[in-house]
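Biologist: Can you walk me through this one? I'd like to start with the sheet.

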Amino acid sequence: RGAAAGRQVPLGQAGAAPFARFDVNPLSLQDPDLEPVETFRDLASDPTTTPYRVDVLADGPEAASTLAERLGALPEVGRVITLARFVPADQDAKLALIDELAWTLTPVLTAPNSPPAIDAAARRAVLETFAAAVAATAPAEPASVDRALAHLAAAVEQFLAERAPDAEAGAAALADLEDAVLADLPGWLDDLRTAMEAGPVSLGDLPAALRERWTTADGRTRIEVLPAEPIEGPEDMRRFADAVLAVEPTATGTPVVVTEASRAVVGAFVQATAVTAAGILLLLLAVYRDIRDVAVTLAPLTLAALLTFAASAVAGLAFNFANIIVLPLLLALGVSGCIQIVSRWRAALRTGGDTATVMASSTPRAVLLSALTTAASFGSLAVSEHRGTASMGELLTIAIAATLFASLLALPALLALRDRSRARRRS
């Protein structure tokens with residue numbers, strides 16, 4: 001949202017700086033076109049399959065039940081899972097339905113299985129019929145089912161168009177697809193036959209491996225909390241994590257870890273920036289012994305920082321865990337050029353010169369060439385395949401360009417104002 005707003009603001013206006021944003025999601029550092037990243041985002045788009053889950057440890061089953069009710073009442077929480085959720089409720093009624101279903105399905109499931117031979121043309125016809133049936137299905141709810149069906153229909157159409165353009169050419173591809181899709185069908189049918197023999201279930205009947213995942217040796221019980229809405233950005237993750245932490249401060253999980261890590265990183269960033277600025281201020285006071293010269297030296301750095309934030313907003317380049325180091329580096333790299341120009345200006349005043357004398361000297365060219373050399377060094381990071389490293393190179397290049405603008409254009413203007421002020425005092 002900030003980047004979209006920032007694109008409407010001219011690059012040179014520092015007013016765009018508030019639109020800069022910090023992306024706390026480590027996934028944003030990866031190539032979005034990689035298949036694992038796409039798969040992760042697909043899973044995260046559905047609250048029932050999202051990997052963004054929060055875990056809480058309760059003192060026992062009763063405490064877990066109470067805490068689960070409190071967490072489930074939060075509007076940010078969609079579902080709360082405990083070990084007790086694996087024991088079905090209303091078992092008598094459900095077992096009666098299973099018994100009725102077994103009368104119908106058991107003869108089908110136990111019938112001899114001798115599938116007829118099928119050729120490529122028949123396979124293609126079956127797949128086309130399936131694709132048409134999926135495309136024609138319009139589920140009323142939920143929306144996630146609708147998205148899944150649309151994705152399935154598109155995948156089948158793409159397969160028919162690219163992998164099996166006709167019955168003869170696609171024979172091998174269709175056979176491979178059949179093996180991939182139906183290879184597990186016999187096992188599923190076995191599981192269904194086993195399900196027809198279901199009986200009453202209690203916590204003691206659950207597999208030991210499952211119980212060990214949800215309970216500890218000292219009796220504590222794990223609670224798994226899922227979000228109510230898809231987590232699509234940093235704000236969604238922060239909102240979900242904060243809501244759970246407000247109820248249970250000991251909660252953990254990816255949303256909590258990422259949110260708290262982002263706060264730690266931002267805090268360290270603020271601390272590093274403050275320490276850098278304080279060090280520069282003390283050094284300038286010790287060298288110049290004139291608060292006005294110190295202010296003139298630091299003012300362009302403030303402008304460069306604002307321009308860097310503004311440019312990042314305009315370019316849609318978010319700050320992240322990798323490139324947030326830019327601002328402390330910006331102060332350290334940018335102040336050197338300002339010090340060179342201000343020091344040359346102070347020396348020129350002692351010999352009767354002024355700002356024009358400084359700008360006609362070799363100092364501005366030296367500052368320019370030094371900054372361009374640094375920009376070339378850091379700018380090479382922008383071609384990295386890692387998005388975090390590339391964003392660091394891009395942002396550092398923007399920051400150095402901002403310091404050049406501030407030191408070679410804004411700073412001389414400030415020094416010229418000092419020249420006029422000194423001239424008025426002498427007259």
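Modeller: First, the rule for pairing: two strands pair if DSSP finds at least two bridges between them. Helices (H or I, at least four residues) and strands (E, at least two) are DSSP runs, numbered from the N terminus. This is a predicted model, where local features need pLDDT of at least 70, side-chain atom pairs count only at pLDDT 80 or more, and totals for chains, interfaces and linings use all residues. Residues are numbered from 1 along each chain as its sequence is written, and side-chain values use heavy atoms, with hydrogens and water left out.

Biologist: What is the strand order in the open sheet?

Modeller: β2-β3-β1-β4, four strands with antiparallel pairing. β2 (77-81) and β4 (252-253) are the edge strands. Each has a single partner strand, so one side of each lacks a neighbour in the sheet.

Biologist: How many bridges between β1 and β3?

Modeller: 5, in the antiparallel sense. Val54 sits opposite Val225 of β3 there. β2 and β3 (residues 221-227) have 4 antiparallel bridges, and Val80 has Val225 as its bridge partner.

Biologist: And β1 with β4?

Modeller: 2 bridges, antiparallel again. Asp55 is partnered with Thr252 in β4.

Biologist: Which residues of β1 are on the covered face?

Modeller: Val54, Val56 and Ala58. The uncovered face of β1 (residues 54-58) has Asp55 and Leu57. In a regular strand, side chains alternate between the two faces of the sheet.

Biologist: Switching to salt bridges. How many in the whole structure?

Modeller: The search finds 14. The criterion is a side-chain nitrogen of Lys or Arg within 4 Å of a carboxyl oxygen of Asp or Glu. Glu224 pairs with Arg53, with the closest N and O atoms 2.9 Å apart. Glu224 is in strand β3 and Arg53 in the loop between α2 and β1, 171 residues apart, so this pair links distant parts of the chain.

Biologist: Is Glu224 buried or exposed?

Modeller: Buried, at 12% relative accessibility. Arg53 is partly exposed, at 22%. Buried means under 20% relative accessible area, exposed over 50%, partly exposed in between (1.4 Å probe, protein chains only).

Biologist: Where do Glu178 and Arg123 lie?

Modeller: Glu178 and Arg123 form a salt bridge, closest N and O atoms 2.3 Å apart. Glu178 lies in helix α7 (residues 171-182) and Arg123 in helix α5 (residues 120-136), so the pair ties together parts 55 residues apart in sequence.

Biologist: What about Glu260 and Arg263?

Modeller: They form a salt bridge too, with closest N and O atoms 2.9 Å apart. They are 3 residues apart in helix α11, about one helical turn. Glu260 is partly exposed at 35%, and Arg263 at 37%. Elsewhere, salt bridges that share partners join Arg53, Asp55, Arg222 and Glu224 into one network.

Biologist: Now the loops. What is the phi of Asp90?

Modeller: About 50°, positive although Asp90 is not a glycine. Asp90 is in the loop between β2 and α4 (91-109) and is exposed, at 61% relative accessible area. Arg289 has a positive phi near 55°. Arg289 lies in the loop between α11 (254-288) and α12 (291-315), and at 73% counts as exposed.
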